[in-house]
Amino acid sequence: MKNVMKWMLTLLFATATLGAAQAQSEVEQDLTELRAWMQRRSSQADSTIRKEWPSVKEEFKSLTSSLNRNTQSLSEESREEYNDIKQRYKSWEERNESTAVDLEGKELERWERELTGTTNIDRIKPAKMRDVYARLLERTREQRRNWSLRDWEYAEFVLGELNSRKAEVLNQLSSGDKIKIAALQVEFASLKRSREAKDAYEHMIESNR
């Protein structure tokens, strides 16, 4: 009987140890994914981050959800790295949030309604996502030549809100919708780069006069 009890205790201890090791392994993997995400996002241009800021916020929230619950399972070195990443993100957030605040509320609502047909972008149903992206690009093609740089800021912010909603319902989108939406996102970025190139050229001509 004593041998059986001893064997059971040993088994329980081994199971608990294995469970703890697995939990640590999983949370360390979460940190690895967060590190890779941070490196990728940090390498992008400020204009890209600003445009996609709502999506960036949602991605960070998702990637840190498990880490925040299981921080104690990290090694001391990993906890220090995680705190450093959070501090870097906080500074990054403050910079981008302050930029977003510059957009006027009523005017932003007007742009949301014009480009997407709604001011409740966070409630767009998955089945409607593709159509909303198509609407936004249609309006962009039609009006972009008359847009000021300020207008582009509003359009980019609205697209960022839409990207954030897409990230929330991504698993509910069909493969066809994902491919089409990706193509529309690329087209928007291309149109914006064309505008930036045009402005740079005109500035160069003006400077040489």
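Axes, as used here, are lines fitted to C-alpha atoms, for helices over the stretch in contact, and the angles between them run from 0 to 180 degrees between N-to-C directions. This is a predicted model, in which local features need pLDDT of at least 70 and side-chain atom pairs count only at pLDDT 80 or more, whereas totals for chains, interfaces and linings use all residues. Residues are numbered from 1 along each chain as its sequence is written, and side-chain values use heavy atoms, with hydrogens and water left out. The protein chain holds 8 helices and 0 strands, where helices (H or I, at least four residues) and strands (E, at least two) are DSSP runs numbered from the N terminus.

**Overall make-up**

- Read from the N terminus, the elements of the protein chain follow the order α-α-α-α-α-α-α-α.
- Of the 209 residues in the protein chain, 33% count as buried, a term that means under 20% relative accessible area, with exposed meaning over 50% and partly exposed lying in between (1.4 Å probe, protein chains only).
- The accessible surface of the protein chain amounts to about 13300 Å², and 50% of this surface belongs to carbon and sulfur atoms; such areas come from the Shrake-Rupley method with a 1.4 Å probe, and for residues only the protein chains shown count as cover.
- Among contacts in the protein chain with a separation of 6 or more, 76% are between residues 24 or more positions apart, a contact being heavy atoms within 4.5 Å.

- Two packed helices are described by the angle between their axes and the distance between the axes.
- Helix α5 packs with helix α7 (residues 149-168) at an angle of about 65°, the two axes lying 10 Å apart, and α5 and α7 are therefore roughly perpendicular to each other; by convention, angles under 35 degrees count as roughly parallel, over 145 as roughly antiparallel, 65 to 115 as roughly perpendicular and the rest as oblique.
- With helix α6 (residues 129-143), α5 packs at an angle of about 105°, their axes being 7 Å apart, and that makes α5 roughly perpendicular to α6.
- The residues that meet here are Arg113, Glu114, Leu115 and Thr116 in α5 and Val132, Arg135, Leu136, Arg139 and Gln143 in α6.
- The axes of α6 and α7 cross at roughly 170° and come within 11 Å, so α6 and α7 are roughly antiparallel to each other.
- On the α6 side of that pair, Met129, Val132, Tyr133, Leu136 and Thr140 meet Trp152, Val158, Leu159, Leu162, Asn163, Arg165 and Lys166 in α7.

**The loop residue Ile121**

- Ile121 is found in the loop between α5 and α6, and this residue is buried, with a relative accessible area of 4%.
- When its neighbours within four places in sequence are left aside, Ile121 is in contact with Glu112, Thr116, Val158, Glu161, Leu162 and Arg165.
- Although Ile121 and Asn163 are 42 residues apart in sequence, they are 9.7 Å apart in space, C-alpha to C-alpha.

**Salt bridges**

- The structure holds 10 salt bridges, each defined as a side-chain nitrogen of Lys or Arg within 4 Å of a carboxyl oxygen of Asp or Glu.
- Glu59 and Arg41 form a salt bridge in which the closest N and O atoms are 3.0 Å apart, and this pair links distant parts of the chain, with Glu59 in helix α3 (residues 53-69) and Arg41 in helix α1 (residues 2-42), 18 residues apart.
- Within that pair, Glu59 counts as partly exposed at 23% relative accessibility, while Arg41 is buried at 3%.
- Glu107 forms a salt bridge with Arg110, the closest N and O atoms being 2.8 Å apart; both residues lie in helix α5 (residues 105-116), 3 residues apart, about one turn of the helix.
- Glu107 counts as partly exposed at 25% relative accessibility, and Arg110 is partly exposed at 42%.
- Arg139 and Glu138 meet through their side chains in a salt bridge (3.9 Å, N to O), and salt bridges that share partners join Glu114, Glu138 and Arg139 into one network.
- Arg139 is buried, with a relative accessible area of 17%, whereas Glu138 counts as partly exposed at 37% relative accessibility.
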